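Opening my notebook on a new structure today. I want to jot down what I look up as I go.

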Amino acid sequence: MRALEAVWASVPSLLRGLGVTLEVAGLVVVLGLVLGLLLGMALAYGPRLIAWPVRAMVDVIRGIPMLVLIFFVYYVLPATGIDLGSFATAVTALTLFSASQVAEIARGALGSVHRGQVEAGRATGLRFPQVLVWVVAPQAVRRFLPPWLNSVTDTVKGSALVSLVGIVDLMQSIQQVIGRTYEPMPLYITGALIYFAINYTLSSGSRALEARFSHVRD
Amino acid sequence: MDYHLNFTLVWRHFGRLSWGLLTSLELALLAILVGTVLGLALALVHVSGPRWARLLVTAYVEAVRNIPLLLLVYLVFYGIPSVVRVDYTATTSFVVTLSLYAAAYLVEVFRAGLLAVGHGLQDAGRAIGLTAWQRLLYVRLPVMIRIVLPSLSNTFVSLFKDTSVASVLAVPELTYGAQWINFNTFRIVEVYLVVTPVYVVTGYAILFLLRRVERQLALR
C-alpha cells in the first residue's frame, strides 16, 4: 500500500519528467530526420568528394556508444568555446546519433529505387529535385518508414541517458522520487511501463507499415 | 580557444583505460555467451513450442526491447534487491542485465534464422531416418548458424558499445575509467579525445575479425 501511495504521490514529478523526455526525443527526431535525409542523399547521389567524408562521419558516429557520445559532446564542446548548456548539448549529441541512423536508412531506401528511373525522369525533362520528389520519394518511402520508426524508438530509449548529464527527464525524475521515497521497485516498474507504452506504439506502427507495404513488388 | 591540451595525466593513468577496455570486452563476451544460449532456447520455443509458451517469449522480447537499457540496469541492481533477498555485485548484476537484454535481441535473430532453413533440408533429414533431435542438431542448427552469423557479429559489436552503461554502477570498464580520470585529474577533454576513438577502433576491429570468421565458415 505504501508503495502505491509513493507512486501516486510521484505522478506530478513523473509527468514533468515525461514532458522533458518527449521534448528531447521530439526535437531529436525532427532534427535527426532533416539532417539524416540530407546526409542520406549525399551518400546515395553525392559525388565522391562529398559522399566519402559523409560515410566516414556516419560510420564513426555509429561506432561510438551513445553514452560516450553524450559525454564527448557534453565535455569537449565547451572547451572549444561552444557552450550550449546541458539541454542543447544533450539534444546535439542525440541528434548526431539519430541523423547517422537516418542517413543509413535513407541511403538504403533511395538505393532501392533503380537508377534507371532517375535517368528516365531526367530524360523526360524533370530537374533532379523534381525527380527526387515525384519519382524516387514515393517509391523510397515504403522502404524508409518502417526502419525509421524503429530508429525513433532507439531515440526514445537513448534519451534516458541524458539523465546522466543533469537533465531531469523521465529517467532522472524516477531516480529523484526514489531518492525521496526509498521505493525503487514500484517506481522503476512505473517508468518501465511508460517507456514501454511509447515504444511499443512506435514499433507496432513500424510493423503495421511493413505489413501494409509488403505486397508492393519492386 | 583558451584550452591547452595536456595528455600527460591521461597517459599516467592509462592502466585504468586499458584494463577498462578488457573489462568491457569481458562483459560483452559473457553477455553474448549467456544471451546466445538463452536466446537460442527461447527461439526454439517460439518456433516449435505451444501457443502459450510462444506468447510468453513474445512478451519477454517486446518488454526488453521497448525499455531503455539504463532503466533495466537500475531495475536489476537497485530494484530487485529491494524486494527479494538477493545479493550481487554491480558487475554480476550488469552481466545478468546485459545477458537478458542480449537474449531478447538474439531471439529474433535465431527465430528468423530457424525459419530460413529450407523445408527440403528437413524433409531430407526425415527421409534418411533422423529423429527430431538429430535433425535439430545436425541439420537445422548448423545451417541456421551460418545464416545468422552476420547478425550475430553486429549484435556482439552493439553489446560491446552497450557495456559503457555499466559505468553508472561503477563497474570498472572503459567509460568508468574515463570518468575516474575525469574526476581525479580534470583532464576531461583529453580523456574523451582518447576514449572515444578507442571505442570506435575496437568496435570495428571486432567486426573485422568476425567478418573473417564468417567467410571461413561460409558454405562453398
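This is a predicted model: local features need pLDDT of at least 70, side-chain atom pairs count only at pLDDT 80 or more; totals for chains, interfaces and linings use all residues.

I read along the sequence of chain A and got the pattern α-α-α-α-α-α-α-α. That comes to eight helices and zero strands; helices (H or I, at least four residues) and strands (E, at least two) are DSSP runs, numbered from the N terminus.

Residues are numbered from 1 along each chain as its sequence is written, while chains are lettered from A and ligands numbered from 1 in the order in which they are written.

I checked the box next: the C-alpha atoms of chain A fill roughly 70 × 45 × 25 Å along the principal axes. Of the 218 residues in chain A, 39% are buried (20 or more other C-beta atoms within 10 Å of a residue's own, C-beta atoms being placed from the backbone).

Then I picked helix H8 (residues 184-213) of chain A, which has 30 residues. Its buried residues include A:Pro184, A:Tyr188 and A:Asn199. What covers them? I found helix H1 (2-45), helix H6 (128-158) and helix H7 (170-181) of chain A among the covering parts, along with helix H4 (69-83) of chain B.

Last, I looked up the contact (C-beta atoms, placed from the backbone, within 7 Å). It takes 31 residues from chain B and 29 residues from chain A. On the side of chain B that touches chain A, H9(B) gives the most, with ten residues.

Note on methods. The expected span of a helix is 1.5 Å times one less than its number of residues. A residue is buried if 20 or more other C-beta atoms lie within 10 Å of its own, exposed if 12 or fewer, and partly exposed in between; C-beta atoms are placed from the backbone. Two residues are in contact if their C-beta atoms, placed from the backbone, lie within 7 Å.
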